[in-house]
Amino acid sequence: MILNTLLLVASPLLAPAPAMPDLLAIKVDRAETVSDGTIRNAVILVENGKIAVIGEDLAIERGIPVIDMGPNSVAMPGLVNAYSRIGMDSRGGNDSQPGNSALAELYPAHEDYDEVLETGVTTLGLYPPGNGIPGRAVAIKPRGSSAEDMLLSDDAYLKITLRSDSSSKKMIRNGFEEADKYIEDDKKARDKWEKAVEKAKKDKKKKKDDKEGDDKKDDPDVGPYEPPTPNPDAKAFQDLRNGELRALMCIDSAGDYLHLLDALGEEKISWDLRVTVTRRLNLFYVKKELGELGCRVVMEPILTNHPNTRRLRNLPAEVSEAGAKLVLIPRSDRLSDQRDWLHNTGEMIGAGLSRETALRAMTLEPAEMLGVEGRVGSLTAGKDANILFFQGNPFEPDTKVQAVMLEGEIVFGELN
Amino acid sequence: MKQIQNCKSLAIGLTALFALTLPVQASASFEDDKDKDKKEDEVEPVAEKDKDQYFLVHNADIYTGTGTVLRSASLLSKNGKIVKIGYDIEAPGRDYFKGIPEAEREFRLRSLDAQGMRVYPGIVAINSSGLPGTNGDFRDSVDPFSENMVLGLSTGITTTGVGRSAVKLKRYVSYEEPLPYDFDGIVLSDKTYASLSWTTSSSRRDAREKMSAARDYLNAYRTWQEEVKKDKELAEPEKKGVDSTYLEVLTGETYARFRAADRASLLGIARFAQEFGFRPIIIGCREGWIVADELGRAGAMAIVTARERRDKDERLSAEGGSSIENAAILTKAGVQVAIIPGSNGVDLGGIAGQDIMHLPVEVGFAIRGGLSEELAMASISTVPARMMGISDRVGTLEVGKDCDLIVTDGDLLHYQTFVQYTVVDGQLVYDKEEELYFAHIRPRPEKEIAPEEALDAGENPPETKKVEEEEEEDEEGDDEDKPKDKEEGDDDK
């Protein structure tokens, strides 16, 4: 009762004010946390753009403004589109430029980002243009006055495209060779430097022994070690090897997967897989292998046909059932596909994909792939308050996004 | 196919002899293995054999392709090579795989009961397109899951010439434990022939000039080789301007291949080859039946299409045009003949019935033209293998060769026959029941392939068997009884 009256008092105060209060409690019927399952009658306490607490029927301290979203309300984490080029329009070739970064192309004032936010996508993984090895992807939030402001991570993954031909295999091997070469150069330079230092020491000693008077002259000081000119291309592959960077391998078929293994050979790096879902995709041939590997597989929510038949296959479901980690992305970068993303995924759920997997595949899994799971991807205390609000099941075609909260700010729609 | 009994070939005699001696060797060798395992018990190191992979086909009529037919015989391959053909062959038993996890045994040993079926060597298609995936650098562009590859295997083709390469149709086989795909095993040879042109007068002149240059160089080089022993200072003859392709043809490293159809060209090629002493392969060879004797004398080989139909050139008074008897007449004159269909790709919409999937049917037409069944089989196995210089590995079922075989439910050249299984390098790569293309047509009554561990009923032996086996309990893993176990178990149901 007290809460209700508080709410009544609070809401007229809130309504005209565009800025959200620093501290706010939101009550929803269901909260899809993704990290800890569904919470009924959940209370989400948002403080300074972060989720302070989330739990079932939490007692709310007097004085904290409370918004009750109603009996049918659902809250879920903001969507994470990990593989996109929204707001970027340059083109790339098929060559190898692992030193590149999508950051160079990020234009904060692009109007696409505002529109994307309205669809519920609160985190984007943006990759540089081109096939081959175009460079590092970045993770951003689609709002900010500068690139630095938007940036969540500048080394989300390294995009590598592999096609079934010798040249793209060679490209990958060359990348590692370049890294080897850099390490070798570095070692040589260091050896040289160490020798120079030793020599300088000896000279110094000699001079001291010879005569103390001559000591006034400057010693041929060697100075600190200077590594050879840093090579960003080599650095990317070094990072892959160190485990500081993950690769996103883009392939088109099951055969490409085997060629990828062949190209990697003995190299032990961690990588995820991006498979373009086309009508005749035959990825099911290697789903067991993918499951055993446990890598992430980035796919669009599209039902496909078994090759040469009209038998429908739900490849995302098959792949995730086999044990691989599913990451779903919208069917394309078009705004309409961002908007239909949840409903397209709903179709996949109708065709056998588990709802839990689907939820995770649009939020936490891509966040982990981008390396930003500490900030986004689930409704967890301590993470950014990127929350979507719905009236009803988000995957139902007639459910629309009611409001989008980005870091505690309502950026689209309005709360009750 | 009627049994071939009246053969004179030496090879047949040898194989028969071989087959007779095999059973003894076979049983003996595995007895040894068992004893050894028992003595050393579980301490037996598996490192040596932990990569060994066996494949056993038993109860089959084996058409070896060398002229012999072994009724209800077995064939065992180890790591993709045939190690035994004959009778009473047993695959290594359970003891052999001691220390290897259960899950891996499926991959270590597969056995196939081919009761009532025939085993043939895998078909070698001398020319095809699109079967191993995209053309070009096959090692790096093969698609091991391509539909065309499956359709090729369903035809029984295990090796094919594509461009100048001889390529195996290897699919990726998934076991409990994923294995890397054998990219290096795909290309058998990437220089199967040298293509020479005999179409225009200038190309003929060109071929002749280059061939004489190569011959002159070769003669000079051989003379020098002799003389340099006496005089070490002697300079090697100049190789400049000599086409290395022609050298390879003259030294026999590769065969020269011509495309020719009419009588005059064929005669020209025959004379050209005789003059320079090399064996030509002629693709097309439409009017070969007219000049068969000349081609035979020149040691020519031919790649023909049995159903080719072309009327004679009416302007000429001499005989001409195509003949269904072409292959038969050519082989009688001593010309080795390989057969290809009218279209060398998989063609499901266009000229169905004349594409690469109907290679055995095409051969059937050559038989209708009088070709003997034995030579007809050779035209899609041994002859093309020889033409591509890979007959040491494929073309027949012999110990030491690659285990590329097909299991059919009847005569391979009968139009109703289906290839039930295809094995490439000792791995089952096609099972009619498992692929969607032909599984629905005359399905097999029951699944006959099972991993040896399923046959080896260690956990739940049928009741009846238990009583019989009580005496032999010490001898665990006595795999001779295992297939019976399975059968009896099925009967119970």
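Predicted model: local features only at pLDDT ≥ 70, side-chain atom pairs only at ≥ 80, totals over all residues.

Me: What makes B:F183 count as buried or exposed?

Reply: The relative accessible area of B:F183 is 5%. The cut-off for buried is under 20%, so B:F183 is buried.

Me: Why is the pair of B:Y181 and B:F183 called edge-to-face?

Reply: The ring centres of B:Y181 and B:F183 are 4.9 Å apart, which is within the 6.5 Å required of a pair. The planes stand at 80°, and over 60 degrees counts as edge-to-face; the pair therefore receives that name. Both residues also belong to one aromatic cluster, together with A:F284, A:Y285, B:F145 and B:Y172.

Me: How do you know that the charged end of A:K169 sits over the ring of B:F183?

Reply: The charged end of A:K169 is 4.4 Å from the ring centre of B:F183. The distance limit is 6 Å, with a further condition on the angle to the ring normal. A:K169 is listed as sitting over the ring.

Me: Why is the aromatic pair of A:Y83 and A:Y127 called stacked?

Reply: Among the 19 aromatic pairs over all chains, A:Y83 and A:Y127 have 4.2 Å centre to centre and 20° between the planes. Planes under 30 degrees apart count as stacked, so the term applies.

Me: Which parts of chain A does the pair of A:Y83 and A:Y127 tie together?

Reply: A:Y83 lies in strand β6, and A:Y127 in the loop between β7 and β8, so the pair ties together parts that are 44 residues apart in sequence.

Note on methods:
Residues numbered from 1 in each chain as written. Chains lettered and ligands numbered in written order. Heavy atoms only, no water. Phe/Tyr/Trp six-rings, centres within 6.5 Å; stacked < 30°, edge-to-face > 60°. Helix = DSSP H or I, 4+ residues; strand = E, 2+ residues; numbered from the N terminus. Buried < 20%, exposed > 50% of the residue type's maximum accessible area, 1.4 Å probe, protein only. Lys NZ or Arg CZ within 6 Å of the ring centre and 35° of its normal.
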